[in-house]
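Here is a short briefing on selected side-chain features. Keep the sequence and the 3D view open while reading.

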Amino acid sequence: MEVEVPECPVCLQSYDGEYAIPRVLSCGHTACESCLTHLPQKYPNTVRCPACTQLVKYPPQGPSGLPKNIDLLRLQPNSPKPHKQSRNDPLVPEEQLGYEFLPHLWSDEFYTCWKNRILPKESVLRKSGAEEEPFSGSFTEDESKSVSLVRVCALSRESDDSVFKFSYGARVMRCLNDMREEVRDELLLLLGACLKCRRICRIHGLWGDLEDGSLYIVSERLQKLNNFEDGLVGESNDGLCGFAMICMEICEGVIELNLKGVILGCLGLSCFKFDEFGHVCVDLNEVLVMGRACNGIIDAVLEENSVDRRRQHMLAFLTSLSKTEVFLSPEIFYELTGINPDCMQHSVGRGSDVWSLACVFVRLLIGRKFSEELMDYVHHGIPEGNDGNGLNCVDHYERWVAKIRSLLETKFGTDSVSLQKILCQCLNFDPASRPLVTDLWKCISELIIRPQFGSMSRLQGIVFDKAKKGHCLVLADLCTLTLPKENVGRNDKDELLGAKDCDGADFDHSGPIRADKEIVEGISEGNVKFKSIQGHMDCITGLAVGGGFLFSSSYDKSIQVWSLQDFSHVHTFKGHEHKVMALVYVDEEKPLCISGDSGGGVFLWKISIPLGQEPSKKWYEEKDWRYSGINCLTTAGNGYLYTGSGDKSIKAWSLKDSTLSCTMTGHKSAVSTLAACDGVLYSGSWDGMIRLWSLTDHSLLTVLGEDTPGKLNSVLSITSDNHMLIATFDNGSIKIWRNDVFLKSTQVHDGAIFAISMEGKWLFTGGWDKNVNVQVYGKFVILII
């Protein structure tokens, strides 16, 4: 029978005495010396075993200081096989060592999608003043960079009696999560439309203004185009090159949007801006505001019951569009009003933008005369009779197009005939008969570029997918919202984005929210009840849960036992002569409640029915003049009880015979907290240090905090799992290590943090400021709620 040759678990090379020397780690596993050399040392003088991932001691001189596994070398065949070069990289790439945590309020995919689109709370400074949208503002760090702000919706308000408070990031994320999926998809399409586009004003992201309670789209604010009252082109065609450059770049912006599935639906001169280099860009915030204005007026018109009054309002609406030079194609108009004339056979599409572009370009060519002719058409074409269930305006429309053609001929004569022809074609009533935007761009480009060089254009070869109709912004839900100008966050009449409650009814997005109903699954369903239970005569120092009971310890020297079914009082453990400082529940061989007091007493209480009056075991630590009692307790499932004391030591006690197994020293002040996880015992002290001890032999692995400059704050509590280590301090801050790497230090309380706990993806902290903070922790951030 052939014996399997031992090999390194990292590089999978057979061990030998020259190239792959087997070295034994303190956990008992073996790896070759070359691979151990390249294992990441994230904590000082420690490594993670590549076989069991346990944190083990690593000698300062490297793997050569570890014992050689001679027994494995004896198993090697006499004729060594050619050795392949061992891998120099770690077993798992460092960037793949992460552990993904999923928040309960929203999915991991949702969080990943939106987290980088939310601007920081203090990043934007909105300028004061009663102005209309888009509002003006600037970046806090650089006030010279102007931005425009357009409301999306109202942020949810918190109730005054809520136990937990949502942070800025959580409120914005909650607001997005509560939107209807259709609205959220529109917003995502709008935010992504400007990415890698040269002719679109950059959208920086979403920003929540906590003062007025609104969520805004933040876009760069550029210089407006001139009105060009008499047109951009003079009588001798001077300015035609400038017209061509502007219109080509406008076309390019619309083409970029159409290719990404965005159809604007309406356009005006205010929708286009000059950047710092003189190039023209499409401002999506302006289009959004323009579309909302159109929808708002149409809604008011449709509310009228009288046909005559409705026609009057419709006439006033179209007149307003003409005066403000907002160009809305016929099919968009019919879609907004719900009119379905027999003469209109084609739906909204990219041709709708072609019509609006043609109006903008004719306006730039001949000036205000175009708007006057449009207004004249409105007054003489709309009031006449109707055809079927739609307005019969085709004849008047054709006469209006003829007038525009006449104005262009008067302006240019026999010059630029192709431009005049394509602009009139773009104004065709039938959307299907209008040319493409690319054709319009090509015709305009020939004013300044010779046709033989047209093949060199970067737009050459662009083909629109006819199967994709695109998403019209003016008809989208983002434009049908009617947001009030007053304070959105505090007005009960705020427009909502269709958030739904558990019954499917409209959820009042501007109304108060209860953060304490969203913390865990039961709370999010609204099934959690709060109950206050009283029984102690002094400060409560610890809580433990197990065996169907809740145990609480106190300065009153007692441990109270409560039923988890109805939280009724079940029993009282008495016997301590000093304040009970710590409590832990153990369920190994027999269920036990273990308590430690300020006099050094350790009491073991059996958890069996009926509950006894006396402890099953008790003992006392030795005292000296430095002693101030037991501060903390923990167990690790290895048969030991660990106590942290005022004499700066950690002691390991055998739960079988209550004997002291060993004493771990090194802290320079009282040990305040203990935690055990994954073969490591963590101890925190008032000296500001966190020491890591091996649970195998109780030897010191490493010390965290020794290299921190300046004054150290006392460590008050620690929590840990397989990937995270989090410590709290007396200054209200927490420090976070992830996969043995220090991530960040952040302030979460005003004052000392005495308690910390991790449950799933949630981190709970309680402090001197009488607040409980609930935090969702993800790959690189902690989101404070």
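Are Phe-370 and Trp-400 buried or exposed? Both Phe-370 and Trp-400 are buried. The model is predicted.

**Aromatic pairs**
- The model has 20 aromatic pairs.
- One of them joins Phe-327 and Phe-370, with ring centres 5.7 Å apart and planes at 65°. Planes over 60 degrees apart count as edge-to-face, so Phe-327 and Phe-370 form an edge-to-face pair.
- Phe-327 sits in strand E16 (residues 326–328), while Phe-370 belongs to helix H11 (residues 368–381). The pair therefore ties together parts that lie 43 residues apart in sequence.
- Phe-327 and Phe-370 are both buried.
- Phe-370 also pairs with Trp-400. Here the ring centres are 6.0 Å apart and the planes stand at 50°, so this pair is tilted.
- Phe-370 in helix H11 and Trp-400 in helix H12 (residues 394–412) are 30 residues apart, and their pair links distant parts of the chain.

**The ring cluster**
- Which residues do ring pairs link into a cluster with Phe-370? The cluster holds Phe-327, Phe-333, Tyr-334, Trp-355, Phe-370, Tyr-397, Trp-400 and Phe-429.

**Charges over rings**
- Arg-126 lies over the face of Phe-135, 4.0 Å from the ring centre.
- Lys-579 lies over the face of Tyr-555, and its distance from the ring centre is 4.5 Å.

**Thr-673**
- Thr-673 is part of strand E33 (residues 671–677).
- Why does Thr-673 count as buried? Its relative accessibility is 7%, and buried means under 20%.
- The Thr-673 side chain reaches the backbone nitrogen of Ile-718 at 3.2 Å.
- Leaving aside residues up to four places away in sequence, Thr-673 touches Cys-632, Tyr-682, Ser-683, Gly-684, Val-715, Leu-716, Ser-717 and Ile-718.

**Helix H4**
- How many of the eleven residues in helix H4 (residues 168–178) are buried? Ten are, and the helix is mostly covered.
- The buried residues of H4 are Tyr-168, Gly-169, Ala-170, Arg-171, Val-172, Met-173, Arg-174, Cys-175, Leu-176 and Asp-178.
- Arg-171, Arg-174 and Asp-178 are among the buried residues of H4.

Terms used
Residues are numbered from 1 along each chain as its sequence is written. This is a predicted model: local features need pLDDT of at least 70, side-chain atom pairs count only at pLDDT 80 or more; totals for chains, interfaces and linings use all residues. Side-chain values use heavy atoms; hydrogens and water are left out. Rings of Phe, Tyr and Trp (its six-membered ring) pair if their centres lie within 6.5 Å; planes under 30 degrees apart count as stacked, over 60 as edge-to-face and the rest as tilted. Helices (H or I, at least four residues) and strands (E, at least two) are DSSP runs, numbered from the N terminus. Buried means under 20% relative accessible area, exposed over 50%, partly exposed in between (1.4 Å probe, protein chains only). A charge sits over a ring if NZ of Lys or CZ of Arg is within 6 Å of the ring centre and within 35 degrees of the ring normal. A polar contact is a pair of N or O atoms within 3.5 Å; within protein, one must be able to donate a hydrogen and the other to accept it, and residues adjacent in sequence count only if both atoms are side-chain atoms. Contact means heavy atoms within 4.5 Å.
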